[in-house]
Amino acid sequence: MVVRTLHRPADRCLTPSWMRLLLGLVALAAMAVGFAHGARAHSLEDIDGLLQSDEKYFQPIDKPIPDFTLRTADGRTVRPADLSGKVVVLHFIYTSCPDVCPLHAEKIAEVQKMVNSTPMKDRVVFISITTDPRKDTLDALEAYGPTHGLDPANWLFLTTVPNQPEDTTRKLAEAFGHKFTLTDDGYQMHGIVTHVIDREGRWRANFHGLNFQPINLVTFVNALTNNVERPHHEQDEGWLAKLKNLL
């Protein structure tokens, strides 16, 4: 909670137009960093290596994502196949969490604002998954995002479908490598991980905790949206075209 107390007064000093300009400049910087990395990289493994030197909370991964069938606050069913063609930034939270979950949501919202100020907006989807589907009603899911700054334009909050076991999403979190363990007081002990999935549905990275630099996550997402695994001359042309679109 102290983190929000320190940052929010500063936010009020900026008018909406200045905030948009600042976010645009930061996102442009991320695109420029991505271009510089892309110019030297022939594969995503090269990008991984470059990011690992800059971001100690970054973990490269290359495996299929765990399968799931979940639903949105408005009742739509979502499966991994429905996300094909999009880069996915995914995390697990529950709405009654009193401390780190709200901070995690706000960190993701910060990344989303940077992404959405670039042409990447239509190529990236942000997903929150509740680990407490019994308490997190559809109304609670719908209200959570706007409360913490998430833009519904490319954000989904997923929960279980009817008749699934109550622990379905906690088991899904475990399949992603971390646990949400119920305590006697009704809360859940858990870690904080942000997962990144590429456009072909492969799990490509984790960003651990709350102290990673948002610009590094945006840079990695930018690499995935621009197919850094293409041949080098095609890759450079793609990055340059994206930069030209911003100017």
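**Helix and sheet**

Visitor: Where does helix H5 lie?
Guide: Helix H5 (residues 138–147) lies across E4, E5 and E6, and runs at about 145 degrees to E6. Helices (H or I, at least four residues) and strands (E, at least two) are DSSP runs, numbered from the N terminus. Lying across is a matter of contact, meaning heavy atoms within 4.5 Å. Angles run from 0 to 180 degrees between N-to-C directions, with axes fitted to C-alpha atoms, for helices over the stretch in contact.

Visitor: What should I know about the numbers?
Guide: This is a predicted model, where local features need pLDDT of at least 70 and side-chain atom pairs count only at pLDDT 80 or more, while totals for chains, interfaces and linings use all residues. Residues are numbered from 1 along each chain as its sequence is written, and side-chain values use heavy atoms, with hydrogens and water left out.

Visitor: OK, the sheet. What's the strand order?
Guide: E1-E10-E9-E4-E5-E6, an open sheet of six strands with mixed pairing. Two strands pair if DSSP finds at least two bridges between them.

Visitor: Which strands stand at the edges?
Guide: E1 (58–64) and E6 (155–158); each has a single partner strand, so one side of each is left without a neighbour in the sheet. The twist averages 25 degrees from one strand to the next.

Visitor: And in what sense do E4 and E5 pair?
Guide: Parallel, over seven bridges, with E4 spanning residues 87–93 and E5 residues 124–130. Ile93 stands opposite Thr130 in E5.

Visitor: Switching to the core: which residues touch the most other members?
Guide: Ile127 and Val196, out of 51 residues in the largest nonpolar core. Helix H4 (residues 100–116) gives the most to this core, with seven residues. Such a core is a set of buried Ala, Val, Leu, Ile, Met, Phe, Trp, Tyr and Cys residues joined through side-chain atoms within 4.5 Å.

Visitor: Is Thr194 buried or exposed?
Guide: Buried, with a relative accessible area of 0%. Buried means under 20%, exposed over 50%, and partly exposed in between (1.4 Å probe, protein chains only). Thr194 sits in strand E9 (residues 193–197).

Visitor: What does its side chain make a polar contact with?
Guide: The side chain of His104, at 2.9 Å. A polar contact is a pair of N or O atoms within 3.5 Å; within protein, one must be able to donate a hydrogen and the other to accept it, and residues adjacent in sequence count only if both atoms are side-chain atoms.
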